[in-house]
Amino acid sequence: MTSPDTPRHIEIRDGGQMVAAAEVTTAAGPEGTARTSLHAAPGHLAPGWRANLVDTVMDLPEVRASQRLEATVPLGDGELLERLRERTTDAVTRPAGSTVLLDATIPSSRPSEH
């Protein structure tokens, strides 16, 4: 696991080409916030590459240990946004220039106590 506030760079590759990437940081503490900026390579990408990037980010131990997610996604990238909404709860989005900001809750990976 990386230390809090130390950026982690994630790349998804198809052969030798980078097709999608993200920068991820987390705030200190178990109830912290994970922040990520996601983007895909320009041009047409087969469906699934962007969702794979979201899954890779969401499965990082430091992200799974966080309660909140703040994500920056290119405006118009529906696959990234849809997969983020599938992997989070209470997602709220708002435009910000050429990007969309998403604020959401990361579901607990711990079994609920009943």
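Start with the sheet: six strands form an open sheet in the order β1-β2-β3-β4-β6-β5, with mixed pairing. The two edge strands are β1 and β5, each of which pairs on one side only. On average, neighbouring strands of this sheet are turned by 20 degrees against each other, if you ignore direction. Keep in mind that you're looking at a predicted model.

Now for the rest of the inventory. The protein chain comes to 3 helices and 6 strands, and reading from the N terminus the elements run β-β-β-α-α-β-α-β-β. Of the 114 residues in the chain, 35% are buried. Among contacts with a separation of 6 or more, 51% involve residues 24 or more positions apart. As for the surface, the chain exposes about 6400 Å², and carbon and sulfur atoms supply 52% of that.

Strand β2 covers residues 17–26 and pairs with β3, residues 33–40, in the antiparallel sense over 7 bridges. The step from β3 to β4 (residues 68–74) is a parallel one, with 5 bridges joining the strands. T33 is bridged to R68 of β4.

Keep going and the sense is antiparallel: β4 pairs with β6 (residues 99–105) over 7 bridges, and P74 has T99 of β6 as its bridge partner. Then comes β5, residues 89–96, joined to β6 by 6 bridges, again antiparallel. Within that pair, P95 stands opposite V100 of β6. β5 and β6 form a hairpin with 2 residues between them, and G97 in the turn has a positive phi of about 65 degrees.

While you're at this end of the sheet, have a look at D90, which sits in strand β5. Its phi is near 55 degrees, a positive value in a residue other than glycine. Most residues other than glycine have a negative phi. Is D90 buried or exposed? D90 is exposed, at a relative accessible area of 60%.

Next, the helices that go with the sheet. α1 packs on it, touching β1, β2, β3 and β4, and the direction of α1 makes about 145 degrees with that of β1. α3 lies across β3, β4, β5 and β6, running at about 165 degrees to β4.

The two helices also meet each other. α1 (residues 49–58) and α3 (residues 78–87) pack at an angle of about 35 degrees, with their axes 8 Å apart, and α1 passes α3 in a right-handed crossing. Which residues of α1 meet α3? On the α1 side they are W49, R50, A51, L53, V54, D55 and M58, and on the α3 side E79, L80, R83, L84 and R87. Sorted by class, that contact has 7 nonpolar, no polar and 5 charged residues.

How much of α1 is covered? Most of it, since 7 of its 10 residues are buried. Those are R50, A51, L53, V54, D55, V57 and M58. The cover comes from several sides and includes β1 (8–14), β2, β3, α2 (61–64), β4 and α3.

That brings us back to V24, in strand β2. Which residues is V24 in contact with, once its neighbours within four places in sequence are left aside? They are T6, P7, R8, I10, R35, T36, V57, L60 and V63. V57 in that list is one of the buried residues of α1, and the C-alpha atoms of V24 and V57 are separated by 7.5 Å although the two are 33 residues apart along the chain. With a relative accessibility of 2%, V24 counts as buried, because the cut-off for that is under 20%.

Key. Residues numbered from 1 in each chain as written. Predicted model: local features only at pLDDT ≥ 70, side-chain atom pairs only at ≥ 80, totals over all residues. Heavy atoms only, no water. Pairing = 2+ DSSP bridges. Helix = DSSP H or I, 4+ residues; strand = E, 2+ residues; numbered from the N terminus. Axes fitted to C-alpha atoms, helices over the stretch in contact; angles between N-to-C directions. Left-handed = near helix turned anticlockwise from the far one by under 90°. Contact = heavy atoms within 4.5 Å. Nonpolar A, V, L, I, M, F, W, Y, C, P; charged D, E, K, R; others polar. Buried < 20%, exposed > 50% of the residue type's maximum accessible area, 1.4 Å probe, protein only. Areas by Shrake-Rupley, 256 points an atom, 1.4 Å probe, with all protein chains shown as cover.
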